[in-house]
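User: I'm new to this one and would like to get my bearings. Could you walk me through it with a few questions and answers?

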Amino acid sequence: MSSYKLRLCGIKAGAARFRRAACLFTLFYAFTMAMPASEAIAQWPASAAQTVQSGPISFTDDSGVVITLQGPATRLAPLYASFNETLLALGLQDRIIARTAAESAPQLAALPVIGTHMRPNLEQIISLKPDLVLQMQGREEAEEAVLALRRLGVQVAVFRVRDFEDLCRLVRTLGLICGAEGRADNLESDIRGRLAALAAKFPPPEARPAVFYETRYPNLLAAGAGTMSNAIIEAAGGRNCLKAEEGPEGPTRLLRLGEERLLQLNPAVYLVQKGPMNKNPGNPAERPGFAPLDAIKNHRVLVVDEDRYARPGPRNIEAAEELAKFLYP
């Protein structure tokens, strides 16, 4: 609360305006102490979304580009659902002016569609006059779209989110961009507090169960290091049996595996992602060659939601808590 007051004191406003803001925060703080921050944020009055910062805002994105806004962004065009989920958790739906074709949040269904994460509609984006476009670092096609937009004079911020530290940094940066740093502080504190509560419950790393995370089947694809899925497994007290796998450029995010390699790994727990990347995975116990796996023999298979377990966002902490209950019943 003290940091919030310090920010308020920096506003060049009259005493009456200060007293009203302080009163609003006091009431909100008292009301939300009994609920998780992720729920409390949703209760914040719409008027409180206005920033306490009125000057230019500068930050460096994960592609190394310094971005300067003349003030808090009010028109954001996210090209990846993670941004929408985080902005919604911060109570900033009114800042989102468009969505991609893959967006599933019902609150955003009426917004104009600006293509996909990989192939955004540049003309449509420009016509909407965004203050800032948000893109997730990833495949080459997405990076090409970023360069094209920047050449056209559109400001684009690129982020990399592969673990909970990255997620908290994204929350802080979106709070800065939108002038909602108090809300961002609350959400980050909630995430970190719940991570700490989980970490206090588990045995040493060497005693934790080996977990396999299926991203797609058939043509088996699995999550390695550098994925939010890996971060969730670790936060839940598991050990990703593919974390140490490396490719030419270091730890590999997604790995293709054959049946022989899977049998060598022999995970104690098998997670089956279900969602757009793995629409109809079926029951692993019924697949040819899977019967010898310990996870199959001991009935330690869990079907998980792709949106919460693979896509970075505030709901990742819910996924970690859910998985922890399965790993340590």
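This is a predicted model: local features need pLDDT of at least 70, side-chain atom pairs count only at pLDDT 80 or more; totals for chains, interfaces and linings use all residues.

User: What distance separates the end C-alpha atoms of α7, and what span should its residues give?

Analyst: Helix α7 covers residues 164–178, which makes 15 residues.

User: Is α7 largely enclosed or largely open?

Analyst: Buried here means under 20% relative accessible area. The buried residues of α7 include F164, L167, L170, V171 and I177. In total 11 of its 15 residues are buried, so the rest of the structure leaves α7 largely enclosed.

User: Are C168 and C241 buried or exposed?

Analyst: The cut-off for buried is under 20% relative accessible area. C168 has 1%, and C241 has 16%. Both values fall under the cut-off, so C168 and C241 are buried.

User: How many disulfides does the structure hold?

Analyst: A disulfide would need two cysteine sulfur atoms within 2.5 Å. The number found in this structure is 0.

User: And what percentage of the protein's residues are buried?

Analyst: The protein has 13 helices and 13 strands. Its chain count comes to 329 residues, and the buried part of them is 47%.

Notes. Residues are numbered from 1 along each chain as its sequence is written. Side-chain values use heavy atoms; hydrogens and water are left out. Helices (H or I, at least four residues) and strands (E, at least two) are DSSP runs, numbered from the N terminus. Buried means under 20% relative accessible area, exposed over 50%, partly exposed in between (1.4 Å probe, protein chains only). The expected span of a helix is 1.5 Å times one less than its number of residues.
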